[in-house]
Amino acid sequence: MVTPVQDAPTVTRDAFRALMGSHPSGVAVITTADVQGTPYGFTCTALCSVSLDPPQLLVCAGNNGSTLPVLAARGAFTVNLLHSAGRRAAEAFAGPAAERFSSVPWQPAPATGLPVLPQDAHTTAECRVTRLIPAGDHTMVIGEVLATQTHAPATEEAPLLYGMRRYATWPA
């Protein structure tokens, strides 16, 4: 039997941040571009697979960031899964929007032309937006994976992780 929860106390922002911060995650940079080709992007640790058939993944984008409206309008994005030497990209895309693409090398992806970070990512996935789901101060973006690309020699680098407010590398 399930007991309904009534009048449960609300967890504070700080308590929730501490909870999620204690759980390490892989680090990705999500990128897109507007119709003029201006690139946008953000650092993301909220990423997971959704479906194998069709291949879909989910990323969470902040509602107050500059990237989400562009991503929604474009209907496509690229997921750059960072390797251990990609910390500079993670930090750049977590910082001020104006400095993101000026400090990290990028190039157009083969299928969509959207920005990829081949020096900082071990793998990239080009995605078409299939669904946007508002969730509090973020929006869950579900994307169908159209193409993937593995970057060499980055494939020999361990994945970049983030947890407990610091970066780490997958153990060898």
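The legends below describe several close-up views of a predicted model.

**View 1. The largest pocket and the residues around it.**
The largest pocket of the predicted model has a volume of about 1500 Å³. Its lining is made up of 37 residues, and those that lie nearest the centre of the pocket are Arg17, Thr43, Thr45, Ala46 and His138. Rolling a probe the size of a water molecule over the atoms shows where empty space is left. Several helices and strands supply at least two lining residues each, among them strand S3 (39–44), helix H2 (67–74), helix H3 (87–94) and strand S10 (138–150). Helix H1 gives the largest share of the lining, with 6 residues.

Val11, Phe16, Leu19 and Met20 together make a nonpolar surface patch of about 410 Å². One of these residues, Leu19, lies in helix H1, which covers residues 13–21, and H1 is also the element that supplies 6 residues to the lining of the largest pocket.

**View 2. An open sheet of three strands.**
Three strands form an open sheet in the order S1-S11-S12, and their pairing is antiparallel. The edges of this sheet are strand S1 (25–26) and strand S12, each of which pairs on one side only. Strands of a sheet pair through backbone hydrogen bonds, either parallel or antiparallel. Between S11 and S12 (residues 166–169) there are 4 bridges, and the two strands run antiparallel. Leu160 has Thr169 in S12 as its bridge partner, while Tyr162 has Tyr167 in S12 as its bridge partner.

**View 3. The turn between S11 and S12.**
S11 and S12 form a hairpin with 2 residues between the strands. Which residue in this turn has a positive phi? The residue is Met164, whose phi is about 55 degrees, and Met164 lies in the loop between S11 and S12. Most residues other than glycine have a negative phi, and most peptide bonds are trans. Met164 is a residue other than glycine, yet its phi is positive.

The peptide bond that joins Asp53 and Pro54 is cis, with an omega of about 5 degrees. Pro54 belongs to the loop that lies between strand S4 (47–51) and strand S5, and S5 (56–62) is among the elements that each supply at least two residues to the lining of the largest pocket.

**View 4. The hairpin of S2 and S3.**
Strand S2 (residues 28–33) is joined to S3 by 6 bridges, and the two strands run antiparallel. Within this pairing, Thr32 stands opposite Tyr40 in S3. The hairpin has 5 residues between its strands, and in it Gly37 takes a positive phi near 90 degrees.

Side chains of opposite charge can pair when their charged atoms come close. The count for this model comes to 3 salt bridges, and one of the pairs is Arg87 with Glu91, whose closest N and O atoms are 2.8 Å apart. Both Arg87 and Glu91 lie in helix H3, where they are 4 residues apart, about one turn of the helix.

**View 5. Strand S9 and its partners S6 and S10.**
Strand S6 (residues 76–82) and strand S9 (residues 121–135) run antiparallel and are joined by 7 bridges; in this pair, Phe77 stands opposite Cys127 in S9. Strand S9 also pairs with S10 in the antiparallel sense, over 12 bridges, and here the bridge partner of Thr124 is Gln149 in S10. S9 and S10 form a hairpin with 2 residues between them, and Gly136 in its turn has a positive phi of about 65 degrees.

Conventions:
Residues are numbered from 1 along each chain as its sequence is written. This is a predicted model: local features need pLDDT of at least 70, side-chain atom pairs count only at pLDDT 80 or more; totals for chains, interfaces and linings use all residues. Side-chain values use heavy atoms; hydrogens and water are left out. Patches are made of residues with over 30% relative accessible area and no salt bridge: like charges are joined within 9 Å, nonpolar side chains (Val, Leu, Ile, Met, Phe, Trp, Tyr) within 5 Å. Accessible areas come from the Shrake-Rupley method with a 1.4 Å probe; for residues, only the protein chains shown count as cover. A salt bridge is a side-chain nitrogen of Lys or Arg within 4 Å of a carboxyl oxygen of Asp or Glu. On a 1 Å grid over the protein atoms alone, a cavity is a set of points where a 1.4 Å probe fits but cannot get out, and a pocket is an open set with protein on both sides within 12 Å along at least five of seven lines; lining residues have an atom within 4 Å of a point. Grid points are joined across faces, edges and corners, and a volume is the space filled by probe spheres set on the points. Two strands pair if DSSP finds at least two bridges between them.
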